[in-house]
Amino acid sequence: MSDTPFGFGLPPEEPENGDEGKKKDPAGGGQGSGGQGGGNPFGANPFGFGGLPGMGGPGGADNPFAAMFGSLNPNDLGAAFQQLGQMLSYEGGPVNWDMAKQIARQVVAQGTSDGTKDASVGPAEKASVEEAVRLADLWLDGVTSLPSGASTAVAWSRAEWVEATLPAWQQLVDPVAERVGAAMGDVLPEEMQAMAGPLIGMMRSMGGAMFGQQIGQAVGALAGEVVGSTDVGLPLGPAGKAALLPLNIETFGKDLGVPKDEVRLYLALREAAHQRLFAHVPWLRSHLFGAVEGYARGIKVDTSKLEDAVGQLDPTHPEQLQEALQQGMFQPEDTPEQKAALARLETALALVEGWVDAVVHEAAKSRLTSADALRETLRRRRASGGPAEQTFATLIGLELRPRRLRDASRLWASLTDARGVDGRDDLWEHPDMLPTASDLDDPDGFVHREQLDFSELDKMLGEAAGKQDRSADDEDDSDK
């Protein structure tokens, strides 16, 4: 377990020139040694209150802040106190999202491990993205009955991706953070229950800061990997806005041996296909996010790890921020309900990604010479996930990866052969019409099974409702 699981280190310097200015590494820092927690989770002076009864530790018995700030450079003390004050004064929701955005933008400005720095998107790149999405939509018209879902096409920098997707991450992460916030009050030792009120409030503030730091780190890192707004199978950006990141597309295609224009166009096809699905299947977004929230409700917090984390707070080790939660504090409940929630979510992700994979392949196979190679590269990329995706797995206890993408893609392709484009896409009219996990095991059985016609059912229900309204009107007339 790291020495600073909540990352209470010094804040990075503000940029001298926007996101391109110089900063300290928010994940880097000093090399001091942190205290180790004992049986009492507060025994290692997690808040530096060494002089308080029952919270003793090495050093600082007379100075309550000696253990916390004793090894800091005097020039940094003000910044450290300022950050601590911001953490303890936070009174918002379970995640300090202002801090998350600040950290994410700082991580983006720092650049990726290959030395690539973020940069504003120029007019030529914007025009290339707009043209690629326009052409992609034209090609998709012939392979799906769903009309275009992108009212605009935009080229984002990494910093712009951060700004645009944070609202979606908030919807994903807040349910889990709520559970952690409640659990943080449970790690107090019995002798401190009498004075628990103020401490629980302080710990909730620290919990919000903890998640803000970690989400910021992960979103910032993911901004260096994604190529569009739908990379993780969820609609992270604003509705109707097809977005690509030219800088990341160039990095993605650098070693593939594929012309840059083909790479951009293939990725534009995937982005435009996602946009069609989310725009014209109105229940799909809430279905996916609801599945994530349902899974989150069944997650339990490993309070022993949380106690260890609280017992090792040390502001001199900000470089260990990333390590803290990589060990994971969340465990899914081993119950039938939780297993069912996970199955629903994984199947939904697989169906979305499988449909996109099948539709894009049909549109690209006769037009792009590298379509097969790009398809396989994207499949493997989604199956393995990058470092940032793995960070989110530890943060919310869930891997947002379609484990059965290939099975789903084969099923959608078989449906196209058996029922045509319209028959395949009609299945998105209602969630109960979609294939299930067992259908992915037996795609032929599903393809040739007679499907329920929900349009007739809706018509019958509508007629019944109309009869009730007319009957009520007749009763009103008779009373007059």
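Visitor: How many helices and strands does the chain come to?
Guide: The secondary structure comes to 18 helices and 4 strands, where helices are DSSP runs of H or I with at least four residues and strands are E runs of at least two, numbered from the N terminus. This is a predicted model, in which local features need pLDDT of at least 70 and side-chain atom pairs count only at pLDDT 80 or more, while totals for chains, interfaces and linings use all residues. Residues are numbered from 1 along each chain as its sequence is written, and side-chain values use heavy atoms, with hydrogens and water left out.

Visitor: And what share of the residues is buried?
Guide: Of the 480 residues in the chain, 51% are buried, meaning under 20% relative accessible area with a 1.4 Å probe and protein chains only.

Visitor: Which residues touch the most other members of the largest nonpolar core?
Guide: Trp161 and Trp428 do, in a core of 93 residues, a nonpolar core being a set of buried Ala, Val, Leu, Ile, Met, Phe, Trp, Tyr and Cys residues joined through side-chain atoms within 4.5 Å. Helix H12 (residues 336-364) gives the most to this core, with 13 residues.

Visitor: What does Trp428 touch?
Guide: Leaving aside residues up to four places away in sequence, Trp428 touches Leu277, Val281, Trp283, Leu284, Leu351, Val352, Trp355, Trp412 and Leu434, with contact meaning heavy atoms within 4.5 Å.

Visitor: Switching topic, which residues of H7 meet H8?
Guide: Ile249, Glu250, Phe252 and Gly253 in H7 meet Lys260, Val263, Arg264 and Leu267 in H8.

Notes. Buried means under 20% relative accessible area, exposed over 50%, partly exposed in between (1.4 Å probe, protein chains only).
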